[in-house]
Each structure stands twice: as C-alpha cells, then as structure tokens.
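User: I am new to this structure and would like to learn how to read its features. Could you guide me through it step by step?

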Amino acid sequence: MTKLEAKNIVKHFSHESHKLTALGGINLKVEAGDFVCLVGPSGCGKSTFLRIIAGLEKPDEGQILFDGHPVTETSPERIMVFQEGALFPWLKVQDNVEFGLKMAGIPKEERAKISNRYLDMMQLTKFANSYTYQLSTGMKQRVAIARALVMDPDVLLMDEPFASLDAQTRDLLLVEMQLIWEKTKKTILFVTHNVAEATVLGTKIVVFSNRPAIIKKEFENNFPRPRVTEDESLLKLQQDILAELRPEVKKSRE
Amino acid sequence: MIIIRKNFIPHKIAFYVGIIVVWQIVSMVGIWPDNIFPSPYEVAEDLAYGAADGSLFYGIATSMWRLSIGLAIAISGGVVLGIFMARVEVINQTVGSLVLGMQSIPSIAWVPLAILWFGLSDGGIIFVTAIGAIFAVTINTYTGVKNIDPHYIEAARNMGAKGSQLIIAVLIPAAFPYMISGFKQGWAFAWRGVIGAELLFSFLGLGFLLNAGRSLNDVSQVISIMIVIMVIGLVIDTVVFKKLENKVMSRWGLQ
Ligand SMILES: Nc1ncnc2c1ncn2[C@@H]1O[C@H](COP(=O)(O)OP(=O)(O)O)[C@@H](O)[C@H]1O
Ligand SMILES: [Mg+2]
C-alpha cells in the first residue's frame, strides 16, 4: 500500500537578488512500513522536502499524496523530528513528551499512561522530571523521538536527528531506531548525510542530486537486521551510494 | 560556567554605617539648621512615629495596592498587544509605531489627562501607573515573540497546536525570558509613576506623605519617606525580579 507519494515537487526560494530553485521536481513513492533514508549534498533541499511532506511548507508545483489524499496542512499524522530536537525548555521531559496529547485534549491520567510507555521505551523514565537543559544531546534526541512516537503518527519525518551526536551515542540510537521501526511498523523518512547510517537504517536509500534537486537514484536494502555500521556486507552498497553521491557533493561546492 | 561571587556583605554594612556616621557628624556640626538638615536620628524617629500610628504602613499599602492594579493592567494589556504586534504585521506597522511614540512620554505627563478623565481619584493614579508601564511590557513581549526559535512554533503546529493553544502553550512561555525583562522595566516605570502621581494629586499613599512633609516643612518626614520608597524598590527588584529572572534563565538554558 502506498503511504506517501511525492508528485513532481518543485520549490523555489527568493533571495534578495535572485531566485533559488531548491527542489526541481521530486517524484517518490513510499510504501507503508518503508524506512526510507534520504542522502544528498547539503543545501540541496532535503529538509525542505520533509517540511513539505509535514505540511509546514507549500510546494510551488506538484503535490504530496498521503493515503491518496493531497496534503494541504500540517497534521500529527506526519510528525517531524527536528535536527535540533526543538524541545520546549520550559517543560519537563514528561510534559514535552505529552505535549501533542495535551493539545489533542487527552485527559491527564491517560496522557501519563501513554507517555510512561514511551519514556520507558527510550530509557528516559529516570529523567521524566528533568528539564531539557539538564540533559545530554543524546538524551534530548531520545526525548524528541519519544515526543514524536507518542503521537502515534503514520509517518515519522526525521531530519538529521543524529547529526550532532557522538559516535557511541549514535550507534546506540541506530540499534534502538531499528527496534522501534520493527516494533511499531511506522513509515519513516530519515534524512542523513552519513551514508553508513543510511545503509544501517534504510530499507530504501534515496540519493538527491545537487540543486535543483531531483532524485538521482534509489537503492533497495534488504540485508538482515539488526545491522551495525561496521557490517562488511553493507560496504558494497555504501560504495555504490557514495559513487552516486560524490559527483553531486562536488557540484554543490563549485 | 561557575561564577565565583565574592561576598561583599561586610563592605556593604561598613559603607552604610559610614554614611550614617558622616551624616550624624555633619548634622551635629550645625552648618545647616535642624529643620533643613535633620540628623539620621530624627529621621529614624520620624519613621518610628509613622510606624507606631500606622500612617506609614497605610501609606505603603495604599501605594502598593494602586501599583499592583496598574501593573496588572499594564502586564495583561502589554502582553496581548505585544503578541498581536509580533504576529500580525499590519498591527505592528500601525499600532506598533504609535506604541514606540507613546513610550517616550514620561508617566507624569499623563497626569493632567488622568485628572481630567478620572478626577482626583484612585482611578486617575492607576491610569498613570498603567500607562507608564504598558509600553515597556508591550515592546519586550514583541521582541520576545519575534525572537522565538521558529522550530518551536513549527513543532507545536505539527503536533496539533493552533490558535489560542499555540499562544498559551508556546508563544508566551517561549517569549517569557524577554517578557520578564518587560515586567521588570514595567514595574520600575509603574513605581515611579505611582509615586509621581500621588505626589501631584492624591490623598493617601507614599507620594502623598512626601508632599505632606513638604507642606509641613518637615524635612525629616520627606527624607524618611524617600528612604522607604528606595528600600521598597530595592527589595522588589532584588527579591522578586532577580529571583524570577535567575530561575527563568536557568530553566530556559540561557545561563
Ligand atoms: N525559508 C527559506 N528562505 C530562503 N531560502 C531557503 C529557505 N529554506 C531553505 N532555503 C534554501 O533552500 C536550499 C535547501 O535548503 P534545505 O532544504 O535546508 O537543504 P538541506 O536540508 O538539504 O541541507 C538552501 O540553499 C537554503 O538556503
Ligand atoms: Mg537540512
């Protein structure tokens, strides 16, 4: 079943002196339960593409179909996890995690029941009453993921969520992300600039071209899980992806 | 970051004791007559009289009551105005420009209008207090909302927050560190406003006692009330606002 379909998504931005075309016609089909990793040169429009799917930004041409219906506004069915986490510093961890439930008018006891489950899943129970400034970067990302999962979205949109983590924390979260995906069967779109990370996580890896971005190539990835970054079986795939990606990165720097 | 703060309390005590001693000596030397330059003892005596017959506390209570109402009006009005200015550009361009102009009017300049509109009443004093404070709150709230990390707003909208929910659950708390400085400035303006207005047209209140001291040629009453005004200002600044500010800054991860 097709969960998401991007049809010829074009997005321009106007800068002071010139018009910049970020997305030059993206076509992508995502099946329910896919774990799609997006890689591409920085500045090519990956975040913009996720934001358009989330309904936080409107495309200039084309449309996103979600379960066959055009996306017109943002909705908790498609939850975004920002690179910076975008956690609310004025709320405790538990209240951050419950934020969306509260907006939906779910009563307190029920909220607590749901959030406790995800706090437990993300090993945050001990930190439920902490404020975000008291947490490490890795902990904050766990909170951001818990806050997204609590909404029980159909689609998770993750924008380089592990970019600022140290290697050990990232490896741990890579394992956990795979477990979460297997457990919840969510459809996930995951932007990363790290090809190894993409091959560990993705069932499908999509390479964006330099601006104006189109999809240059899609790779299937059916290696058994759990995968880790050092898996030698992933090397060949990583090299193939890099071979597509390198010329685009080079162009983006010219 | 760890700030090692040297404890200057002994220096402070020595400084104030020094002032009082010098003051006492100067008054004893008798360069100026007692009724022009009273000794600290006389001022203290005056404070004690005021405290004993209750007039001092009644004056404080009256001024504080007027201040609280005026400030409450300024804070609620200023926050609403500031949020609308930050979120609706046409309001910013129109009302916002007027707010900037109004902010440059000293509170005392509103007194004639207050008297004409409200008569010699509490209403007039509260009006002067509120109008003197509201624009500082408005401008700080505006700046705070404008400076909110757009990711907060996007994340909240994405999780289903809209309209008044978004304002209450995200815009106000996210802008709160700025709003606190607005409240602090607003309080300072309100305090000056209420004393100034009372001085010019009121019965009761600290400003009135100040003016009463003048008309009775009672310099020690004037000085004693000024000291009370200073101490109250200092206490509210340090106890209420400093504490609040520190708490907010650390919670919001700004420190
Ligand atoms: N709101 C915006 N206004 C103007 N330009 C933007 C805006 N958002 C993104 N861009 C530009 O669009 C391009 C793609 O940005 P982005 O989607 O963030 O890239 P990526 O996530 O792939 O690094 C960049 O050149 C960026 O400067
Ligand atoms: Mg990006």
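**Reading the sheets, the helices and the surface**

Analyst: We may begin with a sheet in chain A. Four strands form an open sheet in the order β2-β1-β4-β5 (chain A), and their pairing is antiparallel. At its edges stand β2 (19–31) and β5 of chain A, each of which pairs on one side only. Please keep in mind that this is a predicted model.

User: How many bridges join β1(A) to β2(A), and how many join β1(A) to β4(A)?

Analyst: Bridges are read pair by pair. Strand β1 (residues 2–14) of chain A is joined to β2(A) by 10 bridges, and the two run antiparallel. Between them lie four residues, and the two strands form a hairpin. Within this pair, A:K11 stands opposite A:L23 in β2(A). Five bridges connect β1(A) with β4(A), again in an antiparallel arrangement; here A:V10 has A:E61 as its bridge partner in β4(A).

User: Which way do β3 and β9 of chain A run relative to each other, parallel or antiparallel?

Analyst: Strand β3 (residues 35–39) and strand β9 (residues 204–208) of chain A run parallel and are joined by four bridges. One residue pair to look for is A:V39 with its bridge partner A:V207 in β9(A).

User: Is A:R111 buried or exposed, and which is A:G68?

Analyst: Relative accessible area decides this. A:R111, in helix α3 (residues 108–121) of chain A, has a value of 11%; a residue under 20% counts as buried, so A:R111 is buried. Beyond neighbours within four places in sequence, A:R111 contacts A:E98, A:L101, A:K102 and A:I106. A:G68 is placed in the loop between β4 (61–66) and β5 (69–70) of chain A. With 52%, A:G68 is exposed, because the cut-off is over 50%.

User: What is the secondary structure of chain B?

Analyst: Chain B comprises 10 helices and zero strands. Its C-alpha trace spans about 75 × 55 × 30 Å along the principal axes. Of the 255 residues in chain B, 41% are buried. The chain exposes about 13,800 Å², with carbon and sulfur atoms supplying 71% of that area.

User: Which residues of chain B form a nonpolar patch on the surface?

Analyst: The patch consists of B:I9, B:I13, B:V17, B:V21, B:I25, B:V29, B:I31, B:W32 and B:I36, which together have about 890 Å² of accessible area. One of these residues, B:V29, lies in helix α1 (residues 9–29) of chain B and counts as exposed at 59% relative accessibility.

How values were computed:
Residues are numbered from 1 along each chain as its sequence is written. Chains are lettered from A and ligands numbered from 1 in the order in which they are written. This is a predicted model: local features need pLDDT of at least 70, side-chain atom pairs count only at pLDDT 80 or more; totals for chains, interfaces and linings use all residues. Side-chain values use heavy atoms; hydrogens and water are left out. Two strands pair if DSSP finds at least two bridges between them. Patches are made of residues with over 30% relative accessible area and no salt bridge: like charges are joined within 9 Å, nonpolar side chains (Val, Leu, Ile, Met, Phe, Trp, Tyr) within 5 Å. Accessible areas come from the Shrake-Rupley method with a 1.4 Å probe; for residues, only the protein chains shown count as cover. A salt bridge is a side-chain nitrogen of Lys or Arg within 4 Å of a carboxyl oxygen of Asp or Glu. Buried means under 20% relative accessible area, exposed over 50%, partly exposed in between (1.4 Å probe, protein chains only). Contact means heavy atoms within 4.5 Å.
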